[in-house]
Amino acid sequence: GILVKKSTQVAVGGLASALCLLLMFLTGMIPFTTYALPAMAGIVLIAVVIENSTQTAALVYVSVSLLSLFLSPDKEAALMFLCFFGYYPVIKAKLEQIRPKLLELLAKYGIFNLAIIATYWVIIYVLGLPDILEELGELGKYSIAILLGMGNLVFFLYDRALTNLVTFYVRWFRVKVLRKI
């Protein structure tokens with residue numbers, strides 16, 4: 001009944017939180033995972049949305065975000081989860097209900113670009129890590145626009161991958177694996 005449903009929600013939320021935190025903790029141990037592992041941690045929240053609710057997924061996102069800021073060795077990765085990868089999979093389905101399609105795309109890309117700009121603003125001006133600007137080298141002002149453009153291309157691929165993962169989860173994993181549990 002209702003008690004089983006609540007206990008299942010708590011269990012799924014707890015397992016998802018633990019898996020997300022493990023992925024965020026690994027960012028400091030596996031080189032070049034600043035973006036990949038926060039993105040993977042966000043993907044875990046898709047199952048929470050589907051199996052529980054957007055509200056439960058939002059609670060997992062908040063708890064993992066806060067704990068990641070303290071526990072993750074890679075603060076840039078923690079900020080990437082907090083500012084984008086953690087909540088985007090949770091709100092993706094709601095964004096895809098926006099009509100017309102052009103407004104949906106404007107909302108998605110607007111959120112992505114604002115999140116990335118905010119993340120790097122915090123990294124540079126709040127955390128005081130201006131080395132990121134120096135890493136851009138001679139191209140200076142153009143490199144920021146080029147990197148943001150490449151980021152939008154990667155976001156396009158990420159968004160498509162999330163759509164495919166949701167389809168896989170609902171049509172195959174949920175039917176073949178979860179049904180047997």
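Predicted model: local features only at pLDDT ≥ 70, side-chain atom pairs only at ≥ 80, totals over all residues.
Modeller: Helices here are DSSP runs (H or I, at least four residues), numbered from the N terminus.

Biologist: What pLDDT does the protein average?

Modeller: pLDDT is the predictor's confidence per residue, from 0 to 100. This protein averages 90, and 91% of its residues score at least 70. Residues count from 1 along each chain as its sequence is written, and side-chain values use heavy atoms, without hydrogens or water.

Biologist: Helix packing next: at what angle do the axes of α2 and α3 cross?

Modeller: Axes are lines fitted to C-alpha atoms over the stretch in contact, with angles from 0 to 180 degrees between N-to-C directions. For α2 and helix α3 (residues 54-71), the axes cross at roughly 150° and come within 7 Å. The crossing is right-handed (the near helix is turned clockwise from the far one by less than a right angle).

Biologist: Which residues of α2 and α3 meet?

Modeller: Contact means heavy atoms within 4.5 Å. L45, V48 and V49 of α2 meet T54, T56, A57, V60 and Y61 of α3. That contact has six nonpolar residues, two polar and no charged (Ala, Val, Leu, Ile, Met, Phe, Trp, Tyr, Cys and Pro are nonpolar; Asp, Glu, Lys and Arg charged; the others, Gly among them, polar).

Biologist: How far apart are the axes of α4 and α6?

Modeller: The axes of helix α4 (residues 75-85) and α6 are 9 Å apart, at an angle of about 145°, and the crossing is right-handed. From α4 come E76, L79, M80, C83 and F84; the α6 side includes I111, F112, A115 and Y120. By class, the contact has 11 nonpolar, one polar and one charged.

Biologist: What lines the second largest pocket?

Modeller: A pocket is an open set of points on a 1 Å grid where a 1.4 Å probe fits, with protein on both sides within 12 Å along at least five of seven lines; lining residues have an atom within 4 Å of a point. The lining here includes V12, L15, V44, E51, Y169 and L178. Helices α1 (2-26), α2 (36-51) and α8 (141-176) each give two or more residues. The lining divides into 10 nonpolar, no polar and one charged.
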